[in-house]
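The following paragraphs walk through one protein chain, moving from its overall layout to individual residues and the pairs they form. Please keep the sequence and the three-dimensional view at hand while reading.

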Amino acid sequence: MIVVLLILVIVSLLGVAAVQISQMATKSARNERDIQIAWQAAEAVLLDAELDIVGKVAGDRSKIFTNNDTDISKFIEGCGNSGVSKGLCSFQKNTLPAWLSVDFMETTSPKYVNFGDFTDRTFSAGSAGIQPAAAPRYIIEILDDPNVERTKSVEYRKYIYRVTAVGFGPSINTQVVLQTIYRN
């Protein structure tokens, strides 16, 4: 009888361990899925930002990023939060880069651009099913192009753009941040 009880206890412990392993595998798979959804959302908004820079948008925004005539006055210290300057950030020496100081969760007066704000593209988020909890967003920082020799004349300056994108998973707490440098 004692041997049977010991075997029963061992089998029960093995069963409990198998259930716990199964639950951990499920959580791990769900977490990986959520990260992939956030990653894809961030990649989609990087493409949206590129369309914004290359001028595939209507209105005054497309005139900001022209090759030798970048309108640097539209790039605001600390990032713009309205009009054509929304999400455009100037680089300030001896301060944090904009992508570290901008609050990508701000909703009242955001300093970022939501997917489609300037490209009129749509992104399904926050509705039923396994979708991102919120639309992805980005900012664009203007930087001097290090591959161009500095001259005193501003008309010959060239710029590169550092685009920082944030994508969300099905939970707003699952976030992926991607960054790219775009040279016009």
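Helices and strands are taken here as DSSP runs, a helix having at least four residues and a strand at least two, and they are numbered from the N terminus. The model is a predicted one. With that naming in place, the chain can be described as having two helices and six strands, which follow one another along the sequence in the pattern α-β-β-α-β-β-β-β.

Of the 184 residues in the chain, 34% count as buried, and the chain exposes about 11,100 Å², with carbon and sulfur atoms supplying 57% of that area. When contacts between residues at least 6 apart in sequence are considered, 61% of them join residues at least 24 apart.

Helix H1 covers residues 2-54 and includes Leu5, a residue that is partly exposed, with a relative accessible area of 49%. Together with Met1 and Leu8, Leu5 makes a nonpolar surface patch of about 380 Å².

The loop between strand E1 (76-77) and strand E2 (88-90) holds Ser85. Is Ser85 buried or exposed? Its relative accessible area is 11%, so Ser85 is buried, since the cut-off for that class is under 20%. Leaving aside residues up to four places away in sequence, Ser85 touches Arg61, Lys74, Ile76 and Gly80.

Charged pairs come next. Side chains of opposite charge can pair when their charged atoms come close. A search of the whole structure finds four salt bridges, and one of them joins the side chains of Asp34 and Arg33, with a distance of 2.8 Å from N to O. Within this pair Asp34 is buried, at a relative accessible area of 11%, whereas Arg33 is partly exposed, at 32%.

Another salt bridge is formed by Asp48 and Arg121, whose closest N and O atoms are 3.3 Å apart. Because Asp48 lies in helix H1 and Arg121 in the loop between strand E3 (113-114) and E4, this pair ties together parts that are 73 residues apart in sequence. Asp48 counts as buried, at 0% relative accessibility, while Arg121 counts as partly exposed, at 30%.

The side chains of Asp117 and Lys86 also meet in a salt bridge, at 3.3 Å from N to O. This pair likewise links distant parts of the chain, with Asp117 in the loop between E3 and E4 and Lys86 in the loop between E1 and E2, 31 residues apart. Asp117 counts as partly exposed, at 34% relative accessibility, and Lys86 is buried, with a relative accessible area of 18%. The loop between E1 and E2 is also the place of Ser85.

Finally, the surface can be examined for open space. The largest pocket contains about 240 Å³ of space, and 11 residues line it, with Phe91, Ile142, Leu143, Asp144 and Tyr159 lying nearest its centre. Which strand gives the most to the lining of the largest pocket? That strand is E4 (residues 137-144), which contributes three residues.

Methods. Residues are numbered from 1 along each chain as its sequence is written. This is a predicted model: local features need pLDDT of at least 70, side-chain atom pairs count only at pLDDT 80 or more; totals for chains, interfaces and linings use all residues. Side-chain values use heavy atoms; hydrogens and water are left out. Patches are made of residues with over 30% relative accessible area and no salt bridge: like charges are joined within 9 Å, nonpolar side chains (Val, Leu, Ile, Met, Phe, Trp, Tyr) within 5 Å. Accessible areas come from the Shrake-Rupley method with a 1.4 Å probe; for residues, only the protein chains shown count as cover. Buried means under 20% relative accessible area, exposed over 50%, partly exposed in between (1.4 Å probe, protein chains only). Contact means heavy atoms within 4.5 Å. On a 1 Å grid over the protein atoms alone, a cavity is a set of points where a 1.4 Å probe fits but cannot get out, and a pocket is an open set with protein on both sides within 12 Å along at least five of seven lines; lining residues have an atom within 4 Å of a point. Grid points are joined across faces, edges and corners, and a volume is the space filled by probe spheres set on the points.
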